[in-house]
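Here is a short report on a two-chain model. Please keep the sequence and the coordinates in view while reading.

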Amino acid sequence: MTRASTLVCLCLALASGCGPRRVSAPAAEGTALVVLLADPDTGAVGRATVSNANGAVDLAADRDATTVLTGRAPAPVSPLAADTLATVFGETLSSLPMAPMSFTLYFRLESNELTDESRALLPGVLKAVSTHPAPDVAVVGHTDTSGVPATNYALGLERASTVRTLLTGVGVEASLIEVSSHGESDLVVQTPDNALEPRNRRVEISVR
Amino acid sequence: MTVRYSVAVVVAVGMVFLACAPAFAQQPVAAGRIKLVSGAVSLVHDGRQAPATVGALVYEQDSLTTGPDGRVGLTLRDETRLSVGPRSAIEISRFLYAPADSQYAFALKVIRGVVAYVSGRIAKLSPDAVRLETPSAIVGVRGTRLTIKVGR
């Protein structure tokens with residue numbers, strides 16, 4: 001065999017070795033891998049349904065995963081190995097923003113003044129604002145079901161505005177605060193209409 | 001008042017109303033805010049692309065794309081949290097959070113790459129209002145945490 005024909009053989013062998021890999025790659029273009037994860041703080045696991053025109057699967061346990069190829073039904077559910085999870089998603093999971101922090105404030109009976117316990121929470125709100133990057137502060141007023149919805153909406157807004165003033169008083173920047181009212185539509189304790197319920201009369205602050 | 005004059009008034013009032021109506025309809029409420037950026041990340045809003053920055057507001061129909069070293073984290077108004085890994089593209093196709101009117105909708109398109117999702121209040125109050133879309137399947141959510149990878 002001449003040197004030239006050896007080279008040709010070598011090139012052919014290399015080319016055939018490379019060929020299949022190049023062909024197989026684009027087939028996976030639209031493939032989706034979906035993984036359900038437990039909440040790292042509470043351990044609670046939610047639920048998710050992965051579906052398309054060809055079928056559906058339910059993810060219900062920590063690291064339950066399915067792969068879906070374009071035009072095919074979702075593959076049967078199997079757990080994703082912890083090290084694969086870390087390799088594929090670790091960096092992205094570590095880029096999740098900090099969890100929001102919530103505070104619930106109550107008012108004294110027949111009054112626009114916070115209870116002492118609630119007033120003591122205000123510095124904690126300022127602290128949460130300072131630890132969250134690019135923070136937003138939502139202040140939402142809620143009422144009980146006594147009275148009519150329109151009046152309760154206004155009352156919720158009034159209480160939320162009172163809390164905004166208190167927050168700026170402890171040093172929270174006013175421009176970060178968004179005030180709103182859910183009136184009597186978002187009860188903590190379910191009651192019939194026209195029920196006095198102090199636990200429903202509250203302002204919820206969320207720092208996110 | 002003459003007939004001609006009153007017609008003119010009606011037409012004028014109508015035109016003013018029409019001119020104002022789109023402004024009322026479009027009054028944009030942000031869907032959320034970018035809390036963390038590293039590497040190359042761009043935000044497309046209203047057809048205009050700009051580098052994503054910490055503190056920037058994100059609206060319904062905005063999209064985010066990341067470069068080979070890019071990562072971005074954002075928190076939506078209903079406390080949904082999202083992060084997007086390198087070489088990825090997402091679009092917030094729909095976001096509506098109006099608890100006073102019990103109106104909720106959230107649709108996220110994962111076009112390519114890697115995304116982590118932590119459900120917020122919309123998923124709690126109205127689970128059927130949440131849709132995470134990939135090119136090959138749709139994910140419905142009943143709470144907590146998911147990761148999605150689209151592509152190789």
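The report covers the model, the interface, chain A and chain B.

## Model and conventions

This is a predicted model: local features need pLDDT of at least 70, side-chain atom pairs count only at pLDDT 80 or more, and totals for chains, interfaces and linings use all residues. Residues are numbered from 1 along each chain as its sequence is written, while chains are lettered from A and ligands numbered from 1 in the order in which they are written.

## Interface between the chains

In the model, 44 residues of chain A are in contact with 42 residues of chain B. Contact means that the C-beta atoms of two residues, placed from the backbone, lie within 7 Å. On the chain A side, β1 (32–37), β2 (48–52), α2 (82–93) and β8 (177–183) each give two or more residues. β1(A) supplies the largest share, 6 residues. Helices (H or I, at least four residues) and strands (E, at least two) are DSSP runs, numbered from the N terminus.

By class, this side of chain A has 23 nonpolar, 14 polar and 7 charged residues. Ala, Val, Leu, Ile, Met, Phe, Trp, Tyr, Cys and Pro count as nonpolar; Asp, Glu, Lys and Arg count as charged; the others, Gly among them, count as polar.

β1(A) runs antiparallel to β12 (residues 145–150) of chain B, joined by 6 bridges. Pairing requires at least two DSSP bridges between two strands. Leu37(A) stands opposite Arg145(B) in β12(B).

## Domains and sheet of chain A

Chain A is divided into domain 1 (29–96) and domain 2 (101–207). The bounds come from an automatic or database domain assignment. The C-alpha centres of the two domains lie 37 Å apart.

An open sheet of 4 strands in chain A has the order β6-β9-β7-β8, with mixed pairing. Its edge strands are β6 (101–106) and β8 of chain A. β7 (residues 137–142) and β9 (residues 202–207) of chain A pair antiparallel over 6 bridges. Within this chain, Val139(A) has Ile205(A) in β9(A) as its bridge partner.

Helix α4 (residues 122–131) of chain A packs on the sheet, touching β6, β7 and β9 of chain A. Helix α5 (residues 149–169) of chain A also packs on the sheet, touching β6, β7, β8 and β9 of chain A.

## Chain B

Chain B has 2 helices and 12 strands. Of its 152 residues, 43% count as buried. Buried means that 20 or more other C-beta atoms, placed from the backbone, lie within 10 Å of the residue's own.

Methods: Axes fitted to C-alpha atoms, helices over the stretch in contact; angles between N-to-C directions. Buried ≥ 20, exposed ≤ 12 C-beta atoms within 10 Å, placed from the backbone.
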